Amino acid sequence: MAMICFATARESAKYMRALQPAHYLLKIESFDVLSTLDKYDSGVFEAGGYKWRLSLYPKGNNGDNGSGYVSLYLSIEEPPPTQTVHVNYKLFVHNKLQKKYLTIQDTDEEISSFNRSKTQHGFPRFLSLKEFENRSNGYLDEKHSCTFGAEVFVIQPAKMREESFTLIRYPTQNTFTFQIENWSKLGTDPLSKEFTFEGRQWKLLVYPKGNAAGKGKSLSVYLEVQHLHEKMKVYAEFNLRVLDQLKNNNKEKPFKSWLSAPCPRKGDADFMPLKDLEKSAKGFVHDDALVVDVQIRVVSKL
C-alpha cells in the first residue's frame with residue numbers, strides 16, 4: 001500500500017466559475033452524517049491516463065493544519081513504481097445560490113508531483129467550516145447536500161512536440177549568382193536559377209519584362225524558397241542585386257521576411273526601371289548579359 005505524504009501548504013487562488021469540473025463530481029446527500037467521519041475517500045475516476053480519488057476531511061485534517069476547515073485533497077491510485085506524475089489540478093465546491101463553482105488551485109498554477117512516496121496533494125484549508133456550514137452562503141442546502149469536484153491535467157513530456165529554432169547569421173558561401181545570356185532576345189517568361197543552401201532548395205527568380213505591378217516597366221526580382229510543407233516557415237534576411245558590370249555601381253535592395261508555403265517568395269516587382277537596363281553606359285547589360293545575385297545575411301534553420 002502506498003504511503004500518504006502531505007505536501008507542504010502552498011499559496012492558493014480562489015475564484016468562481018460557471019463551468020462544471022471536467023473530470024469528476026462528488027455529490028454528498030447528507031454532509032451532517034458524513035461529518036461524523038474523520039475522512040472520506042471518493043470512488044475512483046480516471047484522468048490523463050491515471051486513476052484518482054478525492055479525499056475529503058469533513059472536520060478538517062488536523063495533521064495538516066486544517067482544523068476548523070473542510071480539507072480536500074487529490075490522491076493518486078496505483079502510482080507508477082519508478083515514475084513521477086506531474087499534474088496541474090483544480091478542486092471545486094458547488095455554490096447552489098450563485099449556480100457557480102468555487103474553484104481553488106495553486107497560485108501561479110504551480111505543478112504538483114505525484115509518486116509512490118507522495119500520493120496526495122490538496123488544500124488543508126479548502127474552505128472554513130463556518131462559511132461552508134452557513135446555508136446562506138449556498139454550499140449546503142436544507143438537506144445538507146453538497147457537491148465537490150476535480151479537474152486533473154497530466155503533463156506528459158514524452159508526448160511533447162519539440163522544435164529547435166536557430167538563426168544563422170552571415171553564413172559562409174552566402175552569395176548565389178545568376179548570369180542571364182541573350183538578354184535582348186528574351187520575352188516575358190520568368191527565368192530562374194535553383195540552388196541549395198542550408199539544407200533547403202531556393203530559387204532566384206527574374207521577370208525580364210516585369211511582373212504584377214511592374215509588368216512592362218520594371219525588372220522584377222525575387223528570392224523563393226522551395227518545398228515548404230503546410231505551416232512551415234523560414235526566416236530570411238537577404239540582399240537582391242543587379243550588377244553593374246562596368247563601374248560596380250550595383251542596384252541593390254535589402255529584404256527581411258518570414259517565408260511560408262502560401263507566400264514562399266520575397267522581392268520587388270519594381271526592382272528597377274527597364275529603361276535603366278537599356279542604357280549601355282550604366283553597365284547592367286553587358287555583352288547582352290545581365291547578372292543578378294542574392295546575398296543571404298540571415299536564415300533560420302529548424
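Which residues of the largest nonpolar core touch the most other members? Phe31, Trp52, Leu91, Phe126, Phe132 and Phe148 do, out of 34 residues in that core. A nonpolar core here is a set of buried Ala, Val, Leu, Ile, Met, Phe, Trp, Tyr and Cys residues joined through side-chain atoms within 4.5 Å. Buried means under 20% relative accessible area, with exposed over 50% and partly exposed in between (1.4 Å probe, protein chains only).

Before I go on: this is a predicted model, where local features need pLDDT of at least 70, side-chain atom pairs count only at pLDDT 80 or more, and totals for chains, interfaces and linings use all residues. Residues are numbered from 1 along each chain as its sequence is written, and side-chain values use heavy atoms, leaving out hydrogens and water.

Take leucine 91. Its contacts (heavy atoms within 4.5 Å) include Leu54, Leu72, Phe123 and Phe126, not counting residues up to four places away in sequence. Apart from this core lies another, of 33 residues, among them Phe178 and Met272.

Next, strand E7, residues 85-95. Strands are DSSP runs of E, at least two residues, numbered from the N terminus. Because 10 of its 11 residues are buried, E7 is largely enclosed by the rest of the structure.

What does E7 pair with? Two strands pair if DSSP finds at least two bridges between them. E7 runs antiparallel to E11 (residues 146-155), with 8 bridges, and tyrosine 89 stands opposite valine 152 there. With E8 (residues 100-106), also antiparallel, there are 5 bridges, and phenylalanine 92 has threonine 103 as its bridge partner. E9 (residues 112-114) pairs with E7 in the antiparallel sense over 3 bridges.

Note on methods. Helices (H or I, at least four residues) and strands (E, at least two) are DSSP runs, numbered from the N terminus.
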